[in-house]
Amino acid sequence: MSISGIEFAGQQAVAAEAAEGVAKIEGRSQWQLTWRRLRQDKVAVGALIVILVMIVLAIAAPAFVAITHHPPDTAYPIQGETVAGNPVPPGTAGFWLGTDGTGRDLFIRILYGARISLFIGFVTTALGTAAGVTVGLIAGYFGGVIDTILARFTDAVLAFPYVVLALALAIVYGPSLPEMIAVIAFFSWAAIARVVRGQTLAIKEKEYIEAARSLGAGPFRIMFIDILPNLLAPVLVLATLYIPTAVVFEATLSYLGLGIQPPTASWGNILEDAANFYTVAWWYVLFPAAALLITTLAFNLLGDGIRDAMDPRTERVLAGARRRRRRTKLTALVDRAPGVTAPGGN
Amino acid sequence: MSIAADSDTLVMVENLVKYFPVRTSGLIRRTVGQVHAVDDVTFSIPRGKTVGLVGETGSGKSTLARCIAGLIPITSGKVTFEGSPISGLSRRGMRPFRREIQMIFQDPYGALNPRRRVGAIIGDPFAIHGTASGAERKRQVQELMERVGLNPEHYNRFPSEFSGGQRQRIGVARALALRPKLIICDEPVSALDVSIQAQVLNLLSDLQQDFGLSYLFIAHDLEVVRHVSDVVAVMYLGRIVERGPQDLVYGSARHPYTTALLSAAPAADPDAAASRQRIILTGEVPSPIDPPSGCRFHPRCPKAQPLCSETEPLLEVKAGDAATHATACHFPVEAGENLAAAGRSELP
């Protein structure tokens with residue numbers, strides 16, 4: 001009876017484990033696994049929250065205008081400036097973060113700057129990633145002359161002094177948003193293309209690619225259905241790390257006066273104007289700079305977190321810990337079973 | 001030597017040659033040599049039968065399989081499927097034949113895309129050939145999964161959630177999807193545990209009976225090939241050295257290489273193993289870049305004579321053999337001959 005008791009308890013435990021395991025395993029994809037691991041990473045979760053808050057603030061900017069009644073481009077020479085014509089400090093006359101050099105609400109302008117920065121960050125990264133993945137896949141999959149041409153072109157783009165080109169274009173054609181997006185996107189695909197090409201070269205030798213070919217799959221089906229899913233992890237990490245680069249690039253160009261033009265607010269052109277007032281208005285420099293810093297830092301930390309979460313080695317460590325926990329649980333269950341006798345002890 | 005094609009022949013391979021160029025690295029890549037992977041191979045695959053292809057690593061078995069499957073272009077020769085030539089076809093031209101010829105791969109881990117769900121993997125043939133979509137595709141995939149002994153409920157799982165044997169079943173289901181006439185099995189069980197090997201082999205033989213499949217079965221395990229094959233071909237350095245019905249090749253091998261291979265295979269019966277003469281081959285398999293003159297086996301052959309290094313032996317029926325049993329050797333092994341004791345004459 002005692003033996004069957006152990007067996008029963010043991011079986012129950014195993015069955016429970018198995019049922020739990022099945023429920024968990026069913027349809028769990030790479031993304032679900034990554035998300036589970038990312039949730040354990042406090043820094044990455046914090047970064048993600050910061051980014052989401054920043055996005056919500058940017059989207060909700062008009063709502064704040066409605067609350068403060070301070071449109072982004074409206075100057076308030078009376079309430080918003082000191083007698084000397086300098087910005088007023090935070091908290092003065094309903095200006096939460098003070099005003100800028102022309103007496104406009106700094107908080108509202110930073111929010112509108114976030115809209116521009118994040119928009120440019122996401123759009124250029126999306127364009128650059130799409131282009132980089134396509135070029136990398138084509139170069140890696142087809143190889144030969146196509147690869148040689150594309151790979152050398154990629155190297156040339158990587159070697160190009162892009163700030164100089166951006167400045168030249170802005171001077172020749174005049175600064176504009178589409179031009180800035182085009183320039184940033186053009187210089188962000190190359191590194192992604194290089195990584196994708198390298199991975200494609202390795203993956204295309206796998207037997208499952210040969211299997212797809214033996215089924216009659218064409219090159220584009222193989223590239224986008226068989227190879228691409230295997231590349232999403234490194235591409236996602238790279239893309240996350242590219243967003244802050246694009247945000248900083250936008251700020252740099254705007255700071256130099258070659259990006260977003262006043263009166264449209266951008267973190268870059270706010271900072272440019274703020275440089276004239278840093279002795280009298282610390283908030284004018286601090287808040288836009290902090291917004292830029294926090295945003296880029298959050299994206300970088302999130303990218304690092306995603307990379308860690310996708311690294312198969314981290315998985316193994318976690319899986320080991322999980323197995324150990326499960327074993328302990330099982331042992332505990334057996335220990336608690338009534339009338340347990342040690343095997344062979346009689 | 002050519003084989004008359006008749007309605008019972010599914011695939012004819014005639015004088016198939018596959019050389020891989022050896023190039024220097026760098027910007028200007030000169031061809032400095034050729035790897036003679038498959039050199040003048042002729043054989044046929046009968047309808048509904050299994051042809052076993054045995055040989056050491058590097059003997060050209062897998063290259064031959066890929067040439068027949070149209071995965072790599074051939075250097076010269078001809079492959080015909082049910083009378084129509086399929087060698088040298090474009091990808092588009094090859095498409096209708098892809099439905100007829102499928103492959104099962106050696107590595108059950110490498111042959112399935114780790115990022116795709118099993119349902120999508122097995123459904124690929126339907127998607128690529130546009131034969132079924134949506135709910136109909138799912139129904140057919142689940143039917144296939146059931147047929148190969150997988151739980152259809154596991155439709156949405158990833159390959160990593162299956163064992164090696166189960167994965168090989170997934171590979172079989174995928175190969176079976178378009179109801180092909182020929183399945184090329186490239187060492188389908190060599191990566192599996194012995195107990196699992198038997199299950200997969202039995203599945204393959206059940207499927208053969210149910211669907212009238214022909215198999216080209218490649219393996220280096222002689223026992224596995226003996227178990228599944230109707231006809232056996234032995235390859236050495238890109239050439240077929242002996243070919244014939246399974247019982248004849250295993251029972252009365254004529255080529256010294258076949259004899260040596262058979263003597264090296266472990267026997268299940270220790271008494272038989274003890275009484276058997278083990279033939280030890282000397283030396284290494286020569287480089288396929290520069291294969292030996294004459295008979296390619298002559299540098300390692302215990303029976304080699306000066307003639308062997310000069311003239312290449314043809315694959316032909318030897319005196320006293322059945323008309324289906326061909327051997328490429330000038331001095332075929334006679335019944336009862338003890339090769340292990342054969343003195344090796346000096347070669348020039």
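Hi everyone, let me start with a definition: two residues are in contact if their C-beta atoms, placed from the backbone, lie within 7 Å. Angles between elements use axes, which are lines fitted to C-alpha atoms, for helices over the stretch in contact, and run from 0 to 180 degrees between N-to-C directions. Helices (H or I, at least four residues) and strands (E, at least two) are DSSP runs, numbered from the N terminus.

What you see is a predicted model, where local features need pLDDT of at least 70, side-chain atom pairs count only at pLDDT 80 or more, and totals for chains, interfaces and linings use all residues. Residues are numbered from 1 along each chain as its sequence is written, while chains are lettered from A and ligands numbered from 1 in the order in which they are written.

Let's look at chain B. It has 11 helices and 12 strands. Its C-alpha atoms fill a box of roughly 70 × 55 × 45 Å along the principal axes. The radius of gyration, taken over C-alpha atoms, is compared with a globule rule of 2.2 Å times the number of residues to the power 0.38. For 348 residues a compact globule would come out near 20 Å, and chain B, at 21 Å, agrees with that. As for burial, a residue is buried if 20 or more other C-beta atoms lie within 10 Å of its own, exposed if 12 or fewer, and partly exposed in between, with C-beta atoms placed from the backbone. By that count, 43% of the 348 residues of chain B are buried.

Now the sheets. Strands pair here if DSSP finds at least two bridges between them. One open sheet of chain B has four strands in the order β2-β1-β4-β5, with antiparallel pairing. At its edges sit β2 (31-46) and β5 (84-85) of chain B, each pairing on one side only. Two bridges join β4 (residues 76-81) to β5(B), and F81(B) stands opposite S84(B). Helix α1 (residues 61-68) of chain B packs on this sheet, touching β1 (9-23), β2 and β4, and its direction makes about 115 degrees with that of β1(B).

The other open sheet I want to show has eight strands, ordered β6-β7-β8-β3-β9-β10-β12-β11 in chain B, and its pairing is mixed. Here β6 and β11 (316-317) of chain B are the edge strands. Inside it, β10 (residues 239-245) and β12 (residues 326-327) of chain B run antiparallel and are joined by two bridges; R243(B) stands opposite A326(B). Helix α5 (residues 164-176) of chain B lies across β6 and β7 (182-186), running at about 175 degrees to β6(B).

How many residues does each chain give to the contact between A and B? Chain B gives 20 residues and chain A gives 19 residues. On the chain B side, α2 (91-98), β6 (101-104) and α3 (118-129) each supply at least two residues, and α3(B) has the largest share, four residues.

Is L215(A) buried or exposed? It counts as buried because it has 23 C-beta neighbours inside 10 Å. Beyond its neighbours within four places in sequence, L215(A) is in contact with R98(B), D124(B), P125(B) and I128(B).
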